[in-house]
Amino acid sequence: MSIYLDNAATTRVCPEAAAAALAAMTECYGNPSSTHRAGREAKKELDRCRRELAAVLGCGERELYFTSGGTESDNWAIRCGAEGNRRRGAHILSCAAEHAAVLHSLDELEKRGFAVTRLKPEPWGGVSPDAVLEALREDTILVTLMAVNNETGAMTDLAAVARAVKARNPHTLLHSDAVQGFCKVALPLGASGVDLLSISGHKIHAPKGVGALYIREGLRLPPLLFGGEQEQGRRAGTEPLPLIAAFAAAAAAFRRDGGAVQRMEALRQRAAARLVEENPGLLVLGGGAPHILSVSLPGWRSEVLMNFLEAREIYVSKSSACKRGGRSYVLEAMGLRSAVIDGAIRIGLSRFTTPEEIEALCDALGDARRSLRPSLR
């Protein structure tokens, strides 16, 4: 039986989400924008899903807009947030360890004349509020920082960052890619928190292809996509109700499972303790979030370790799935030496991960270290 521990890349769809998607596809299949009864029933279901998801996130239902996923949400918030606030300046502040959806959006804005400062992450992987405050400028119009790093699990104190940013310049927008944080860590929203926040379904046991963007009430954000008047006229395109229903069901199931975060955290701590104790030289890289554990065996190659584990049907990764196996720029930005980066693997837990799976992983990684020849010294 396989052991899937790459949940930071994606998760298996939970039964509640699958059932909700099937019902929307086969029973409530009207277009929510149609005015006949089938359309009205679909619109009623869409509104219910929005209320349910907003309740889990902790925002108003009119502050939540459905998208195709975290990448679209990031692009919308960053590119349109910067353009919409350009009259106040052209400086953007971020971090070199952000997700590719953020970094490439910033690259595009630089081509349009914006100035971008990419902060170096702290040794623990996140960004300190002091570093943000020091880098803020009078013309800083947007700060974008992820809540939880997708490779190391490092957490940035968004509440403290928001206080610092808003105290210096209340007109500066604060966005967070919270794809890895939703349902797992506290996310500060509203006047005293972030203005824009991206979330995605497939990280919490919903299908791929659905996400949402939180837009603080009263904030005028230009649309990224043009067409129909869906999503209060701010995001064109027929809403994929089956995916949205699954997203809402997965979020509600996560919330009902009140001990999920504590279980993941306990399993992460157990894995870290065993791996450090039983494997001399093994390092824990960054961390903080309950569901991501990044470790390195300097001297052993990530690919070799992953192949050894895969032969035992244990699945982990070496970096973000968006890198397709490439070298981790996140760990490079943290200033880690090459041997550490090249020996790193990422272990991603979910609310379905069991103690037995963690013990099997620790056993297998110990066997790998003992039986495989180091490739670097």
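**Entry 1: Thr156**

I looked up the contacts of Thr156 (heavy atoms within 4.5 Å). Leaving aside neighbours within four places in sequence, Thr156 touches Gly126, Val127, Met146, Ala147 and Val161. The model is predicted: local features need pLDDT of at least 70 and side-chain atom pairs count only at pLDDT 80 or more, while totals for chains, interfaces and linings use all residues. Residues are numbered from 1 along each chain as its sequence is written, and side-chain values use heavy atoms, with hydrogens and water left out.

I placed Thr156 in the loop between strand 5 (140–144) and helix 6 (158–168). Helices (H or I, at least four residues) and strands (E, at least two) are DSSP runs, numbered from the N terminus. Thr156 is buried, with a relative accessible area of 11%; buried means under 20% relative accessible area, computed with a 1.4 Å probe on protein chains only. I also noted that the side chain of Thr156 reaches the backbone nitrogen of Val127 at 3.1 Å.

I then turned to an open sheet of 3 strands, which has the order 9-10-12 and antiparallel pairing. Strand 9 (283–284) and strand 12 (344–348) stand at the edges with a single partner strand each, so one side of each has no neighbour in the sheet. Two strands pair if DSSP finds at least two bridges between them.

I checked both pairings of strand 10 (residues 292–296). With strand 12, strand 10 pairs over 5 bridges in the antiparallel sense, and Val295 has Ile345 as its bridge partner in strand 12. With strand 9, the antiparallel pairing runs over 2 bridges, and Val284 stands opposite Val295.

Is strand 10 enclosed or open? I found 5 of its 5 residues buried, so strand 10 is largely enclosed by the rest of the structure. Ile292, Ser294 and Ser296 are buried on one side, and Leu293 and Val295 on the other. In a regular strand the side chains alternate between the two faces of the sheet.

I saw helix 9 (residues 260–278) lying across strand 9, strand 10 and strand 12, at about 10° to strand 10. Axes are lines fitted to C-alpha atoms, for helices over the stretch in contact, and angles run from 0 to 180 degrees between N-to-C directions.

Helix 13 (residues 355–371) has 17 residues and reaches 24 Å from first C-alpha to last, close to the 24 Å expected at 1.5 Å a residue. Its buried residues include Ile358, Leu361, Cys362 and Leu365. Among the elements covering the buried residues of helix 13 are helix 9 and strand 12.

Notes. The expected span of a helix is 1.5 Å times one less than its number of residues. Buried means under 20% relative accessible area, exposed over 50%, partly exposed in between (1.4 Å probe, protein chains only). A polar contact is a pair of N or O atoms within 3.5 Å; within protein, one must be able to donate a hydrogen and the other to accept it, and residues adjacent in sequence count only if both atoms are side-chain atoms.
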